[in-house]
Amino acid sequence: MPPVEEVRPGLWSVPVPIPDNPLRYVLVYALELRGGGVALVDAGWNTEAAWSALSDGLAAAGGSMSDVRAVMVTHIHPDHYGLAGRVREASGAWIGLHPADAVMLESRYGDTDELLASMSRFLSDSGVPADKLPDLAAASMAVKSMVTMAAPDVLFEDGETIDLPGWSLRTIWTPGHSPGHVCFYSDDRRLLISGDHVLPRITPNISAHTQVANPLGDFLTSLAKLEDLPADEVLPAHEYRFSDLQGRLKEIMAHHADRLDEIEQVIADRPGSTAWEITLQLHWSRPWDEIQTFMQRQANGETLAHCVLLELEDRIERQGTGPVRFFVTPH
Ligand SMILES: [Zn+2]
Ligand SMILES: [Zn+2]
């Protein structure tokens, strides 16, 4: 993991480990507040190792967990939100989240029976073979134990300035990777804290699933929303900081344009393919059999997100259910 670093006066980057995951760590940002205390952007998984890393990081910055006044969560995923509840218990901090993610907390981390059932139907509609269905449907359940269920105290709205002494940070709502994903921008410091929305090397998973309609369309709109931002540096939640925001936005948009073309071509070559069959035909960063079950499900969700957008662009159409089959639209 990279070291704890002071990125700017009073702004610290604290790597927090993620168990069994190629991303390895999430970068939590700690903002020193005028008059004392610290605000965190994201928190990490709810594991002892993550808790220790965050505590040590705050100590390196000259503070401690009890100094935390706010936990501003970029989105609902366990590597960002998991520890938020425990930090609040230890410090009395407020937790902030966008309402579109807040409404999903109970179904994701509380009573998950309904989500599991609808995920099974959804995967079966995608053409996932029956023998793989139970594993794939349950693939996200292991993370439940690594999240403290905690309702937010503050709901972030788009464009709102957040009340933090010594900072003028505003929320930019960037749905796509998650319906309630937010970035934070400091106009005076020209810094973008980008969460998982814009990462320097990889692209975040954009999955169609039971709780979102057109996530890739949302994501591309959310990328365009940052095009005019005069940021000097981007502080992402994974990998490393970088400076060329506009260049990176263009690369990510081009990546998805290529992927849309690739998927349309697979469907042209194999009319009537299911989302799962298309997924198996695409190029992935490693051989399919070496991809963990949860990642296979995300890959399928990602294919489907592209299919939804291709349908809206009138490039392909779907037929039937259980499973749904895709065809290139005749023009
Ligand atoms: Zn995420
Ligand atoms: Zn993440």
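Modeller: A disulfide is a pair of cysteine sulfur atoms within 2.5 Å, and in this predicted model the structure holds 0 disulfides.

Colleague: What makes C183 and C307 count as buried or exposed?

Modeller: Buried means under 20% relative accessible area; C183 has a relative accessible area of 0% and is therefore buried, and C307, also with a relative accessible area of 0%, is buried too.

Colleague: Why is the arrangement around the zinc ion (ligand 2) called irregular?

Modeller: The zinc ion (ligand 2) is coordinated by D79 (OD), H80 (NE2), D196 (OD) and H238 (NE2), at 2.1 to 2.2 Å. Four donors count as tetrahedral if all angles lie between 85 and 135 degrees, whereas the 4 donor atoms here subtend angles of 88 to 157°, which makes the arrangement irregular.

Colleague: How do you know that D196 coordinates both zinc ions, and how far apart are they?

Modeller: Donors are N, O and S atoms within 2.8 Å of the metal, and D196 coordinates both the zinc ion (ligand 2) and the zinc ion (ligand 1), which are 3.4 Å apart.

Colleague: Which parts does the pair H80 and H238 tie together?

Modeller: H80 lies in helix α2 (residues 78-81) and H238 in the loop between β12 (233-236) and α9, so the pair ties together parts that are 158 residues apart in sequence. Both H80 and H238 are buried.

Colleague: What does L245 touch, leaving aside residues up to four places away in sequence?

Modeller: With contact taken as heavy atoms within 4.5 Å, L245 touches L192, V198, L226, L229, A231 and V234. L245 is also among the residues with the most contacts inside the largest nonpolar core, which has 44 residues.

Definitions and conventions. Residues are numbered from 1 along each chain as its sequence is written. Chains are lettered from A and ligands numbered from 1 in the order in which they are written. This is a predicted model: local features need pLDDT of at least 70, side-chain atom pairs count only at pLDDT 80 or more; totals for chains, interfaces and linings use all residues. Side-chain values use heavy atoms; hydrogens and water are left out. Buried means under 20% relative accessible area, exposed over 50%, partly exposed in between (1.4 Å probe, protein chains only). A nonpolar core is a set of buried Ala, Val, Leu, Ile, Met, Phe, Trp, Tyr and Cys residues joined through side-chain atoms within 4.5 Å. Donors are N, O and S atoms within 2.8 Å of the metal (3.2 Å for Na, K and Ca); water is not among the atoms, so sites may look incomplete. Four donors count as tetrahedral if all angles lie between 85 and 135 degrees; four count as square planar and six as octahedral if opposite donors are over 155 degrees apart and all others between 65 and 115; anything else is irregular. Helices (H or I, at least four residues) and strands (E, at least two) are DSSP runs, numbered from the N terminus.
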